[in-house]
Structures are given as structure tokens and as C-alpha cells.
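Subject: Structure for your files

Dear colleague,

Here is the structure I said I would pass on. My notes on it follow below.

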Amino acid sequence: MEPLPSRIDFAAELNAEQLAAVQAGDGPVLIIAAAGTGKTRTLVYRVAYLIEQGTLPARILLLTFTNRAAREMVDRARQLVGPCVNAMTGGTFHSVSNRLLRRHADLLGYRKSYTILDSEDNRKLMRDVLDQMGLNTKEFPKPDVLLSLFSYAVNTEEDVEEVLHERFKHHPAEISDMVQAFDAWSKRKFDMSAMDFDDLLINAIRLLESKPALLEEYQERFQYILVDEYQDTNAIQARFVDMLAAKHKNLLVVGDDFQSIYAWRGADYHNIIEFPDQYEGTQVFKLETNYRSIPEILEVANQCIAGNPQQFQKTLKATRASSAQPIFVRPHDGGQQARYILDRVRGLQRNGMALKDMAVLYRSHFSSMELQLELQREGIPFVITSGIRFFEQAHIKDVTCLLRLIHSPTDELAFMRLVCLLPRVGDRTARKIWGILRGRFNVSDAHSRLELMNALPKASRERWQPVHELLEVVDAEKLGERPFEIVNRFVDEFYDHYALDHFENYHRRIDDLHELGTYTSQFNSVEMFLNEMALLSNTDGKSGEEEEDSLKLSTVHQAKGLEWKVVFVLWLTEGQFPSGRSLEEDPLASEERRLFYVATTRAEDMLWMFAPKSRRQRDGGIQFYNPSRFIGELDPSVYHEDHVGYI
DNA sequence: GTTTCGGTTCTTTTT
DNA sequence: GAACCGAAAC
């Protein structure tokens, strides 16, 4: 059979660096792609190239860092080669693991309908475990602390006990108690057939390790594996990739060690640095030609990262015409910083720039408080990629718990949360009822529903009545196939009332819930919705909203991979950026410096950097701040300092 | 014995 | 804002 004539003129649409990487032969490939050098473009064309060369899309696996990145790449590949790319497997490590486990989790002793615990569920569970063990005392580490350490140990594949010894050298609490807590918590999760984010990864690996036939099937299937943002993979993620790629060895990884910003959750940029050593015969390509930013911005980026040793040396080469220098400003405080930004935003708008072409970036969510207030007051529309994910907000979780319970009668956490919405029902009462129901509430079972109704305190029965009636018709009206209807009815007949009583910002929350209803309407089963929901983060975006013209406020972490014409970076002061806590762990602040590098390289045309001089403290005192070392490390000739008077 | 409410404190980064 | 703690209310 004649090969199809190529419809894509690769040589015309890519530069020489990109073309070489796209047309690389089989075997391991490492692409070091500096910021703004067309990394996504290269990956997309690589996919197109593989398909044109005759690879079946179903045999390609694309692993990305966010669902948004996966979707973007698949969409762009589809535009290039057509709808056949839909057969490709693409997503985050977590979502791909999840898909694997939904098919085979029973082999590990889980139900296939296992629930996914978000961080709040996990915290509640841990607190419960500690309570039961009598360890929830002042002397003992808090659930959050334990969870983050356990997670770190799991993600780096280090021994839990060793990590604990390291961290709690001088702590009065017994390490053995903590290890016991770890075991009890793990068992508890398994018994209730629940997995947290880390479990998704380790169980996917355990599955492949314990079932050689299955491993072989997937190894055979994924003839080509592409991994984006490889510098941010951790030990288990790297192992997952290695296992799947072991047969064909057609593993292509893309990344930039300069942009490695997730060491704190176990990411190890040695994965990318040592990739050529690990895979013999690796072809290495470098993308250094930057199309995004003006040379003045790249100069700042290059200078700042030069302070970090032992990385793949590379310099961003500018292609764009020279323009204005980045601007450094020292406002008096956060309020003045906010007013200055507002002023500039207005000015840019008058010159015809859209709000959506501007972004404000910061180290931690907290840093944007004053600006949020100011924007609100001045009526400038903005969107925040807030600290809490959309699906983790209290009111969203309250409502989705009903769906969880319908889907999984043994979801204790969902049950507890749901009944605690009722008056006179708190933790104790809820637990008692759960005991009466023998750890199971089956909405399809009339007896079960009545049992619940009778077990409720008298004062709450009336309130439960509408939910009771809703549950009665779930089966008859096949509501399981229309989750949005359950959501809408539950909100109208029950939750609206609750929200009115409990939330100051009732309207905003109800708006969110209507949005939830709309979002849910694209699913035709409760199960499909739940599968999606647990792994969606707020950067993944709700497609409808993107047309709105609004200013973006985001942490630098969440801004990764994005770009704007104008970028404002807030609170570049010692203690904020680099953050005080990070300095305790790493006095050289190399990861924070990479974070600053990521921030600066988001900007195309204009970059503003702020270092407020002071901040008012809670007790009324004033704390003074020095500008960030990252500013100090720059040659003052590469930026312009704008002096502000009182505004 | 439980729930609720009011005051206090703290805020790194996320799939 | 939200998590925690202690005191008041049911």
C-alpha cells in the first residue's frame, strides 16, 4: 500500500530545531525545551508525524501535567490530522492511572467503583483514625502534617519510617505511633475502597507489577509514549513511564530543568538530567529559540537563572524586536501596589489592550488579597485560580456527596457530610446513624431509606423529607442517567434553604451550584460525572467562561505553560518570594529562583515587578521588607525602576 | 451528651 | 476564609 502523501508541510511550519525533534527516529528521545520555544507545538507535530508515518493513534500515550494541557494538545493534533486522534490516550498521570484502575481495580481487591478522596476527605479520614487511636493530642503531629509527609514518602518511594525519623528527630511523639497511624489510615482507605491521589499512582504501578500479562498488554499497546513537563515527574511517575516503555523504548520526554518547581511534592529534576544515562542511545534535542518574549524580558530571565548551578546550560535566544525594559516598582505597601496596578491596567485598556491579555502572578494566594479588594471595588472583572479547587468548595461538595452516596452505598464520608447538613445532626449523631444502618445506605432500597428516616432525630426529619422523596424516585425515573436532574432538584428542594441559613454569600454559592448543574448536564451517568469530577482542577477551565474578558490572578505554579502580553509579579520581597519557609529547606533558594524564572518568562511584551516596602500586621505593627534577592541578582541596567509617590 | 456559636489564629506551592 | 477551641444552648 502506498503511504498517504503528507498533508502537513513540516519543514515550512517548524523551525530547524523543532523539525529535527519532530522527525527523530525511534528510540528514546529527550527534548530540552526552554520557555516559549514552541514545546507544545513540537509535541503536537510529533504526534501528527507519528500518525502520518503509519502509527495507529490508539497506540500513542501522551502524559501531561494538567488535563488542560492534554486537551489542548489533542485538540491541536486533531486540527492537524483529523478526528482519528481521538483514539489516542492522553491525560495526566493521575487520570491515566484512574482509567487503568477503573478497568482492573478488582484485581487489587478494590471495588471498581472505588471513590477518590480529595485532600479534605483525606484529612477527615486521618483525623478520624488519630481519634480512634487516641493520638489526636497536642503532642502529636496534626493530620495535615502527617498527610503531607506520608505523601512525600510515597511519591519519592522512600521509606515512611525514615522520612519520619528525618523530620521528627527532636519531636517528643513516638515515631512508631506515626507509623501505626500510617498503617491504620492505609487500611482504612482500602477497607472503604477509597483511593487518594497518591494511591491512584501507586496502585497503577502495583497492578502492572503484580499482573505481568496485563503489563505486557499495555506495553505492547503503547508503541509510542510522550511525556510533557518531564522535569516535574517524581519517582513513581518516572517508574510508571519506565515500565510502560520497557518493550518498545519509544519514549519521548520533553521538559526544561529550569522550570522544575515541584520538588516539594517529590518531583526530581534528576529524572530529566539523567535521562540520557538511563536510556542508552538517547537522542537529545534542544529548543532555545524563543518566540514569546521581547529580548529585554529574556535578558532578565537569563540573568536570574544563571544563579543556579548544575543544570543543562541553555540561553534563551530572542527572535522578537527590541522594546521596553521590564519595570521594577517599590510601592509603600500592598494597597499602593494594588492601586498602581489598577492604574496601569486602566491605561493599557484605554490603549486597546484586552483584560484577558494581562495577568497578575504571585507566590502564594494570600498575596493577592489587597488587589482583589481593589479590583472588586473598582468593578474590574477578574478570575482567580483560587487555592481551593472548584469541586472542593464546601457547597459544591455538600451537593456532590448525594451523588457519591447514590453511586456508592458504602461511602461513609459522603454519608456523614450529607446528614450533618441537617439540624441537630453533628458528628456523633451521624456516626450513630451510620451504625444503625450497618455501614451502608442503599438509596434504591425502600427499607434502607425508611431506616434512615426513623434514625434521624425528630427535629431533622421534616428537613430530610424532600430528599427522602427525591431518593424514592431515583430508580423509577432513571435519575442515575441524568445526574444534573438530581443536582438541580436537590438544590431547589433542600440545599437552597440550607445555604440561605448558613452562608453570608448565599448568591455566589447558589450561582456556583447552578453552574455545577449545567456542567453536570453533559454526563449521562452519575458514575461518569464522579470519575471526571475528582480529578478536575480549576486550571482545567470551564470552556464556556473563557470568552469573558477578565484579568487573570494566579499563582506562579498555576501559570505554568501559559502566557500573557502583560504580566505583573507581586510581592517580590524576601520572605514572600522567595517564601520564608522554602528558605528553611533550601537556603540557596534554587527552586524559588526557578519559580521566578517561570514567572518572568510568562510575559510577552511587558513585565512589571513589585517589591512593597512594608505590610501592616495583625497586631497593628508594621513589618518592613527587603526586595527579593532575585531582583538584587539582576544587573540594574536590565530593568527600569519606576519611583512612586503617594497615590 | 451534643450541637452550635463566637472568638482567635494562621495563610507556600497541587494532581 | 476556614480551622480550631471553649463556652453557651438545646
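Predicted model: local features only at pLDDT ≥ 70, side-chain atom pairs only at ≥ 80, totals over all residues.

I begin with a loop residue: Glu-229 sits in the loop that runs from E6 to helix H12 (235-245). The phi angle of Glu-229 is near 50°, which is positive in a residue that is not glycine. Glu-229 counts as buried, because 25 C-beta neighbours fall inside 10 Å and the cut-off for burial is 20 or more.

Lys-249 belongs to the loop between H12 and strand E7 (251-255). Its phi is about 55°, again positive although Lys-249 is not a glycine.

Strand E6 itself covers residues 224-227, and Tyr-224 lies in it. Tyr-224 is buried, with 23 other C-beta atoms within 10 Å. Apart from neighbours within four places in sequence, the contacts of Tyr-224 are Leu-50, Thr-55, Arg-59, Ile-60 and Asn-250. From Tyr-224 to Pro-28 the C-alpha to C-alpha distance is 9.9 Å, although 196 residues separate the two in sequence.

Two further loop sites are worth a look.

- Pro-578 is in the loop between strand E15 (564-569) and helix H27 (580-585). The peptide bond that joins Phe-577 to Pro-578 is cis, with omega about 10°.
- Gly-109 is in the loop between helix H5 (93-104) and strand E4 (115-116). Gly-109 is exposed, because 9 other C-beta atoms lie within 10 Å and 12 or fewer is the limit for that class.

Next, the helix pairs. Two packed helices are described by the angle between their axes and the distance between the axes.

H3 and H4. Helix H3 (residues 39-52) and helix H4 (residues 67-81) have axes that come within 9 Å and cross at roughly 50°. This angle makes H3 oblique to H4, and the crossing of H3 past H4 is right-handed. On the H3 side the contact involves Thr-40, Leu-43, Val-44, Val-47, Ala-48 and Ile-51, and on the H4 side Glu-72, Met-73, Arg-76, Ala-77, Leu-80 and Val-81. By class these are 9 nonpolar, 1 polar and 2 charged residues.

H6 and H7. What angle do the axes of helix H6 (residues 119-133) and helix H7 (residues 143-156) make? They cross at roughly 110°, coming within 9 Å, so H6 and H7 are roughly perpendicular to each other. H6 also passes H7 in a right-handed crossing. H6 contributes Asn-122, Arg-123, Met-126, Arg-127 and Leu-130 to the contact, while H7 contributes Pro-143, Asp-144, Leu-146 and Leu-147. The residues here are 5 nonpolar, 1 polar and 3 charged.

H23 and H24. Helix H23 (residues 483-502) packs on helix H24 (residues 506-520) at about 170°, and the axes are 9 Å apart. H23 and H24 are therefore roughly antiparallel, as the limit for that term is an angle over 145 degrees. Pro-483, Phe-484, Val-487, Asn-488, Val-491, Asp-496, Ala-499 and Leu-500 of H23 meet Tyr-506, Arg-509, Ile-510, Leu-513, Leu-516, Gly-517 and Thr-520 of H24. This contact divides into 10 nonpolar, 3 polar and 2 charged residues.

Last, the chain as a whole. Chain A has 29 helices and 19 strands. Its radius of gyration is 26 Å, close to the 26 Å given by the globule rule for 647 residues, so chain A is as compact as a globular protein of that length. Along the principal axes, the C-alpha atoms of chain A fill a box of roughly 75 × 75 × 55 Å. Buried residues make up 42% of the 647 in chain A. Of the contacts in chain A between residues at least 6 apart in sequence, 76% join residues at least 24 apart.

Regards

Key. Residues numbered from 1 in each chain as written. Chains lettered and ligands numbered in written order. Helix = DSSP H or I, 4+ residues; strand = E, 2+ residues; numbered from the N terminus. Contact = placed C-beta atoms within 7 Å. Axes fitted to C-alpha atoms, helices over the stretch in contact; angles between N-to-C directions. Parallel < 35°, antiparallel > 145°, perpendicular 65-115°, else oblique. Left-handed = near helix turned anticlockwise from the far one by under 90°. Nonpolar A, V, L, I, M, F, W, Y, C, P; charged D, E, K, R; others polar. Rg over C-alpha atoms; globule rule 2.2 N^0.38 Å.
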